[in-house]
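Hi there,

Here is the structure I promised to pass along.

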Amino acid sequence: MLTKRRKLLKEVIKELHRGKSVAEVKEKFKDVIDGITSTELSAIEQELINEGLDVKEVQRLCDVHHW
């Protein structure tokens, strides 16, 4: 079962995929995004890939250097 934080992080990535800007998403999910670890992000990336998102798209959306 996913934790609430992981569910929200997945939603952040899905909203970016649907075309929202990083600024929009960051403001909405500021508390969730702040402090994200590479381990959390890697697990979420894998879940999204397993759900059918393209690997390159997931990697692009998860580029936390721009967050």
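**How helix 1 meets helix 4**

Helix 1 and helix 4 cross in a right-handed way (a crossing is right-handed if the near helix is turned clockwise from the far one by less than a right angle, and left-handed if anticlockwise). Their axes lie 10 Å apart and the packing angle is about 65°; axes are lines fitted to C-alpha atoms over the stretch in contact, and angles run from 0 to 180 degrees between N-to-C directions. Helix 1 brings Arg 5, Arg 6, Leu 9, Lys 10, Ile 13 and Lys 14 to the contact, while helix 4 brings Glu 40, Leu 41, Ala 43, Ile 44, Glu 47 and Leu 48 (contact means heavy atoms within 4.5 Å). Sorted by class, that makes six nonpolar, six charged and no polar residues; here Ala, Val, Leu, Ile, Met, Phe, Trp, Tyr, Cys and Pro count as nonpolar, Asp, Glu, Lys and Arg as charged, and the others, Gly among them, as polar.

Before you go further, a word on the source: this is a predicted model, where local features need pLDDT of at least 70, side-chain atom pairs count only at pLDDT 80 or more, and totals for chains, interfaces and linings use all residues. Residues are numbered from 1 along each chain as its sequence is written, and side-chain values use heavy atoms, with hydrogens and water left out.

The protein chain has five helices and zero strands (DSSP runs, numbered from the N terminus: H or I of at least four residues for helices, E of at least two for strands). Of its 67 residues, 34% count as buried, meaning under 20% relative accessible area, with exposed over 50% and partly exposed in between (1.4 Å probe, protein chains only).

Just after helix 1, Gly 19 has a positive phi of about 110°.

**One residue on the other side**

Ala 43 sits in helix 4 and is partly exposed, at 28% relative accessible area.

Best wishes
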